[in-house]
Amino acid sequence: MSLKRLYRHMNREIDQIDQFLSTRVRTDHPVIESASRQLLDAGGKRIRPAFVLLSAGFGETKDIRLTKVASSLELIHMASLVHDDVIDDAILRRGKPTVMERYDETVAMYTGNTLFGEAIRLVSEIDSPEVMRIMADTMERICVGEINQIQDQYDWGQSPKRYLDRIARKTALLIETSCAAGAVISGASPQVVKQLSLFGYDIGMAFQMTDDLLDFTAKSFQLGKPVGEDLKHGHKTLPLLYSSEDPTFYERLRQVSASTDMEMTKSLVREVQRNGTLERSQRTIDRYVERAIRRLDRLPDVPDKRSLIEIAQYIGKRKW
């Protein structure tokens with residue numbers, strides 16, 4: 001079963017968000033519009049809009065503001081993907097050429113900035129000071145995370161704390177915000193908003209750690225990009241953190257730089273695949289998923305609660 005099938009009962013609402021997004025990426029500049037539409041047409045899991053809608057199930061109000069905040073979060077996500085591809089000099093994204101590959105680095109950066117700008121415009125239309133505060137804080141922290149990711153490239157000695165902070169900003173934060181914003185707009189109580197935020201953080205961490213794992217275990221056609229890309233681009237992920245506890249492995253890892261040949265990278269990937277750290281990484285993911293589900297214990301038993309639990313369970317076991 002795919003992730004999108006888990007929230008197929010919301011297909012109509014997700015389709016409406018996609019249609020709304022299509023109208024919001026229109027610009028007067030043909031290159032920026034083409035690049036933005038390329039990102040939108042590439043699809044994706046739409047997990048952030050799904051979390052907005054599911055979290056709104058704990059409140060009473062559902063209106064166009066949910067579509068707007070969900071679209072805003074998806075635009076921020078799309079923008080961050082474009083910027084990530086520039087940082088990594090990535091050629092493929094979801095099996096298709098990246099914006100940077102199709103155009104160039106400058107166009108990619110300005111496309112990402114345009115998407116950020118449209119996200120801000122959407123937030124301003126929501127007319128909720130609390131949501132605006134949450135979204136402003138989110139965007140600032142994401143940008144700090146992008147800078148940290150650049151600074152952390154090929155820094156193989158970075159601490160586990162630094163890694164956790166980076167993935168929190170890179171992935172968990174947007175999922176946490178999706179849950180919080182959906183709940184706030186629907187009129188859920190502050191206690192419910194808090195628990196959903198904590199759920200979103202934990203499941204967002206598990207989501208990124210699973211991505212880290214899949215970079216070593218999935219096939220290229222499943223990932224839509226080559227296996228071992230994180231290692232190649234100098235990102236110290238969870239399996240590499242655990243593998244680095246072996247001094248011999250760490251000494252070899254320290255030699256990896258932007259100019260390292262492919263054979264050495266492949267050799268390290270093979271070692272990670274057989275040294276037991278992938279299983280250890282999965283156990284860490286399981287703990288985050290279990291904690292996320294426990295966060296929901298204090299919440300009312302509304303129908304969307306079961307969907308959140310099912311998605312959380314799937315995220316920890318997904319294969320691509």
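This is a predicted model: local features need pLDDT of at least 70, side-chain atom pairs count only at pLDDT 80 or more; totals for chains, interfaces and linings use all residues.
I started with Cys-179, which is buried at a relative accessible area of 0% (buried is under 20%, exposed over 50%, partly exposed in between, with a 1.4 Å probe and protein chains only). Cys-143 is partly exposed at 38%. I found 0 disulfides in the structure (a disulfide being a pair of cysteine sulfur atoms within 2.5 Å).

Residues are numbered from 1 along each chain as its sequence is written, and side-chain values use heavy atoms, with hydrogens and water left out.

Next, the core. The largest nonpolar core has 94 residues, and Phe-51, Val-69, Leu-196, Phe-199, Ile-203, Ile-311 and Ile-315 touch the most other members (a core is a set of buried Ala, Val, Leu, Ile, Met, Phe, Trp, Tyr and Cys residues joined through side-chain atoms within 4.5 Å). Helix α9 (residues 160-186) gives the most to it, 13 residues (helices are DSSP runs of H or I, at least four residues, numbered from the N terminus). I checked what Leu-196 touches, leaving out residues up to four places away in sequence: Cys-179 is among them, and so are Phe-58 and Leu-299 (contact means heavy atoms within 4.5 Å).

Then I looked for aromatic pairs and got 2 in the whole structure (ring centres of Phe, Tyr and Trp, the last by its six-membered ring, within 6.5 Å; planes under 30 degrees apart are stacked, over 60 edge-to-face, the rest tilted). Phe-51 and Phe-199 are edge-to-face, 6.0 Å centre to centre with 75° between the planes. Phe-51 belongs to helix α4 and Phe-199 to helix α10, 148 residues apart. Both Phe-51 and Phe-199 are buried. Tyr-154 and Trp-156 are edge-to-face too, at 6.1 Å and 85°.

I also found Arg-318 with its charged end over the ring of Phe-207, 4.0 Å from the centre (NZ of Lys or CZ of Arg within 6 Å of the ring centre and within 35 degrees of the ring normal).

Last, I went through the salt bridges, 22 in the structure (a side-chain nitrogen of Lys or Arg within 4 Å of a carboxyl oxygen of Asp or Glu). Asp-152 bridges to Arg-162 at 2.9 Å and to Arg-166 at 3.5 Å. Asp-152 is in helix α8 and Arg-166 in helix α9, 14 residues apart. I have Arg-166 down as buried, at 5%.

Technical notes. Helices (H or I, at least four residues) and strands (E, at least two) are DSSP runs, numbered from the N terminus.
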